[in-house]
Amino acid sequence: MAENVTVTMTEEEALQKKPQDKNVSPVEPKLRKKKKVYVFDVVNYILITLFSLFCLFPVVYVFLLSFSSKADYLNSAFMVIPKHFNFEAYKIIFNQGRVGIAFLISLFVTIVGTLYSMILTSLGAYAFTKKEVPGLRGIFTFIIITMFFSGGLIPFYFTVRDVVGLNNLASLIIPFGINTFNMIVLRNFFNQVPKELIESCYLDGASDFRVLWQFVVPLSKAGIATVSLFYIVAKWDDWYWPSILLTRRDDLYPLALELRNVLNNSQSEGYGGDGGIQVDPTLLFAQGQNAAMIVVSILPILCIYPWLQKYFVKGVMIGSVKS
């Protein structure tokens, strides 16, 4: 009985002393300190918001303009509001000229060209992670020089003409296999892969190709996504080299070059196009057709970027650090 009383008293004393030892009331943990608001943070958020709206405004304006009628455009003061919403501009651009074919050509060049460039860039980036190879530093320095000094337009043109040929899609893919900057970014990212993992692969009998494609590349998803996005945007928006290398094959013009030609040679208003498609000429105007062309050209990039954005930020931050 004495032992039971002692234990009971000990528990009661512990319960009485517990709040006193912590010296904290039961309500105090629920109270949180208010976060201080600094003037710099407020000004910074305001400036970033304004800058974001400033960058977003042209995209929204062009998008709304492409669905507007001529009356909406003439009656607008600042922002075009499509009160007479229609798809007439899109009907025209896909049934006049060769915009639809140009879109497919750009899609083909972008997909095939990106895969081709990523294979060559990955091989080159992985090769330059081998610091024990003699003379590799000199070769790497020689390649970096090409970032600042090129051979010139005329020598490059003659080289493409003699090796690949002109007026074909191969001339838009094969000569543009590797971008030096992209290879350096991917090389720095490959250097983040633990050397112990690569050495263990060699001990298990894996070759360099197997180490690259089955271990290094899967562990470098952020870098692969970042460099792939660079190549996709560059190849999709390229109009300069097609205008030089496809002088006799306007039927092979990609979408970017076709868009440039349409914007430079504005189509006449009310043009009905080919194929017997029914359109309302009162709703058509040149600015709306040009806006529809721009929307069609940027829509694929806008659809791809959200899927790669999470890898893009991480890849740029890590790949940009020299190791």
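These entries record what I looked up in the predicted model of the protein chain.

**Entry 1. Ground rules.** I number residues from 1 along each chain as its sequence is written, and side-chain values use heavy atoms, with hydrogens and water left out. As the model is predicted, local features need pLDDT of at least 70 and side-chain atom pairs count only at pLDDT 80 or more, while totals for chains, interfaces and linings use all residues.

**Entry 2. Overall make-up.** I found 14 helices and zero strands in the protein chain; helices (H or I, at least four residues) and strands (E, at least two) are DSSP runs, numbered from the N terminus. Of its 323 residues, 34% count as buried, where buried means under 20% relative accessible area, exposed over 50%, and partly exposed in between (1.4 Å probe, protein chains only). I noted an accessible surface of about 20900 Å², with 66% belonging to carbon and sulfur atoms; areas come from the Shrake-Rupley method with a 1.4 Å probe, and for residues only the protein chains shown count as cover. Among contacts with a separation of 6 or more, 73% join residues 24 or more positions apart, a contact being heavy atoms within 4.5 Å.

**Entry 3. Confidence.** The mean pLDDT (the predictor's confidence in each residue, from 0 to 100) is 78, and 79% of the residues reach 70 or more. Where pLDDT is low, the predicted coordinates should not be read in detail.

**Entry 4. A nonpolar surface patch.** I listed Val37, Val39, Val42, Val43, Ile46, Leu47, Leu50 and Leu53 as a nonpolar patch with about 770 Å² of accessible area together. Patch residues have over 30% relative accessible area and no salt bridge; like charges are joined within 9 Å, nonpolar side chains (Val, Leu, Ile, Met, Phe, Trp, Tyr) within 5 Å. A salt bridge is a side-chain nitrogen of Lys or Arg within 4 Å of a carboxyl oxygen of Asp or Glu. Leu47 sits in helix α2 (residues 39-66) and is exposed, at 52% relative accessible area.

**Entry 5. Ser220.** I located Ser220 in the loop between α10 (208-216) and α11 (221-236). Ser220 counts as buried, at 0% relative accessibility. Its side chain reaches the backbone oxygen of Val216 at 2.8 Å. Beyond its neighbours within four places in sequence, Ser220 is in contact with Phe189, Phe190 and Val193.

Technical notes:
A polar contact is a pair of N or O atoms within 3.5 Å; within protein, one must be able to donate a hydrogen and the other to accept it, and residues adjacent in sequence count only if both atoms are side-chain atoms.
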